[in-house]
Amino acid sequence: MKLIWQRNNTPEELFPLLETLSSEYPISESGNGTILSFKKVESDTLYVNVASKDGKALISYSSVAAAARGIGMVLSGLQGENKATFETVGIMVDVSRNMVMTVEHFKKWLRRLALSGGNIVFIYAEDTYKMEDEPFFGFGRGGYTMAELQELDRYAISLGIELVGCIQTLAHMAQVLQWPAYNKVKDTENCLLVGADATYKLIEKMFDFWSQALSSRRIHIGMDEAHDLGRGKYLTLNGRKPTWEIMTAHLKKVEVLAAERGLKPMIWSDMFFTHAGGGYYNPNAEFPIDTADEIPESVSLVYWDYYNRDAEFYAKMIRCHRKLGRNILMGSGLWTWYRWWYDPWQSERTIRPCIAACQQEKVREIFFTMWKDNGAYCCYDSGLAGIVLACDLCYGVDDKKLTSKRFAAVCHADYDAVILAGRMTIPMGYELVQEASPVINPVTLLWDDPLSGIGYGTCIQMVPDFVSRTLRQYDELLEKLPEFCDSNEAGSFSFAISLINAVRQKLAIREALLAAYAVKDRTKLHNIAYAAIPAAVAALHTFEAEFRKQWLAAARPQGMECIQIRNAGVAVRLEETALRIKEFLDGTIDSIAELEEPLPDINGFLSVGRYDRVAMATANH
């Protein structure tokens, strides 16, 4: 469907939007097609209405972002009224856990978010930006330059999207603090040294950078999970002081530095609840009487929650936040971390109650984090399915058919296929996962050592028939997904297929190896060493090629080495397994020691997806 717009009957504020979208979508000022017209309406939240008839479409809109959603609706063949209860809806893109999107790929994401109706993007960058006279910021990490961020900012503005820097000014600074150049500002491996002049000079540089890089005067200054604050160099210099006292003193200084540059800070809220006692997710928290007074009035609070599945819990937490008397934003989560593919199951079961609670409690701003914890190995583009769904739900649209149509038009991919591929994350079937349980994740099986089998053994302890269920599930996916193997606009299906195939073979090898070794079946052991393992290594190399292809299509090369080293280690360990079997068969060794050592009762799902939890038992030594 081609869309035609005319300057003489289009509000000038929409010119940049239409011109920017025309680089990819069938939108033009001339030719034949559906004629677009626009009408600005007043609304205190995001609102759009599309009325189409006789080759014409009238888009009534409240903001540029809402107009963009209207254009997305026309491209999708949809019409009607979409009204959000929110002023801002958007995402947070993590560029700190290995993978930094190229500028061009980031623009592609901005276009898709705009056509879904989103109007804010947080760029989570701990140290992945390049500051003058700070050579270790972004070193070896693919960090953005100021010019690149300014380019992205201009592009986002044309689409009605606000870019906001999301940085760290206290904890989560381990990547840069590893360098000796930062010893003067280092408290612990993770935290900056509160009270040191050098610390505040560094933060001033950060604020100067972001205030010039982006137009938004808002900035997210982090300060979450500072659990080891004051326990390193600070303790030596100042003696033991309450964490809360150290943090609030720091927050006040940082807020002044932000204000001097016209920046309005926001902060993750978890440390305030930790101060109240009972942990972060305590909806009945009673804050000490002076807590609110210690938070500067200009600081907004971001309630982050990617785990809970009950709307009333979210509502109680929101009401508890309001006791602190500060503006509140909601940070929910689209699950792209500890996973190879977007997880629709976990995402939907958390964002739906979260959105419902925010609507009930009249929270006006919401964004959906897309973390890359443990190395950014997720095929990140698959998360576009979550973005389209989350925006639909925020605009009051809860109809899979409508979401699928929008996804096809906006992302050029099959929504059902992306969701189907997401079933790789929970191979034993959704029905077995308890409400509070972590999911069984195929990363556990790809990186699980083939001899020690920590991940494999943990899965068996949780679900005794895990292997048979998984093999059936993966066989089904390998049967259904190949018809989409040429699609890579919203996740590479060739990547997904090669991953599932490699994991399936590796799992089958472990199952067969244990059974054959238990009865010393020499024929089966021979087949494993000389046939099954070489085939699995070949499948792993095929997967590695697909992994590399989808990574470099979206991101800078820095960071890819981390995952490639892990994957290469799996191949070496498989070859070592074959060698050990051969040595056992020819009498060089009397036994295979790892197979003689049973796995103790894990008593819970230890290996939720972290490489260092399953690749070896000696990871921290």
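Select S52 to begin: this residue stands opposite A57 in strand 5. The model is a predicted one, in which local features need pLDDT of at least 70 and side-chain atom pairs count only at pLDDT 80 or more, while totals for chains, interfaces and linings use all residues. Residues are numbered from 1 along each chain as its sequence is written, and side-chain values use heavy atoms, with hydrogens and water left out.

Next, select residues 56-61, which make up strand 5. Strands here (E, at least two residues) are DSSP runs numbered from the N terminus. Six bridges join strand 5 to strand 4, and the two run antiparallel. Two strands count as paired if DSSP finds at least two bridges between them.

Move to D54. This residue lies in the turn of the hairpin that strand 4 and strand 5 form, with two residues between the strands. D54 has a positive phi of about 55°.

Now select residues 47-53, strand 4, together with residues 80-83, strand 6. Four bridges join these strands, which run antiparallel. Within this pair, N49 stands opposite E81 in strand 6.

The last stop is the cysteines. How many disulfides does a search of the whole structure find? The search finds zero, a disulfide being a pair of cysteine sulfur atoms within 2.5 Å. Select C191 and C166: C191 is in no disulfide, and the nearest cysteine sulfur, that of C166, is 16 Å away. C191 is buried (under 20% relative accessible area, with a 1.4 Å probe and protein chains only), at a relative accessible area of 0%. Then select C379. It is in no disulfide either, and the nearest cysteine sulfur, that of C378, is 6.6 Å away. C379 is also buried, with a relative accessible area of 2%.

How values were computed. Buried means under 20% relative accessible area, exposed over 50%, partly exposed in between (1.4 Å probe, protein chains only).
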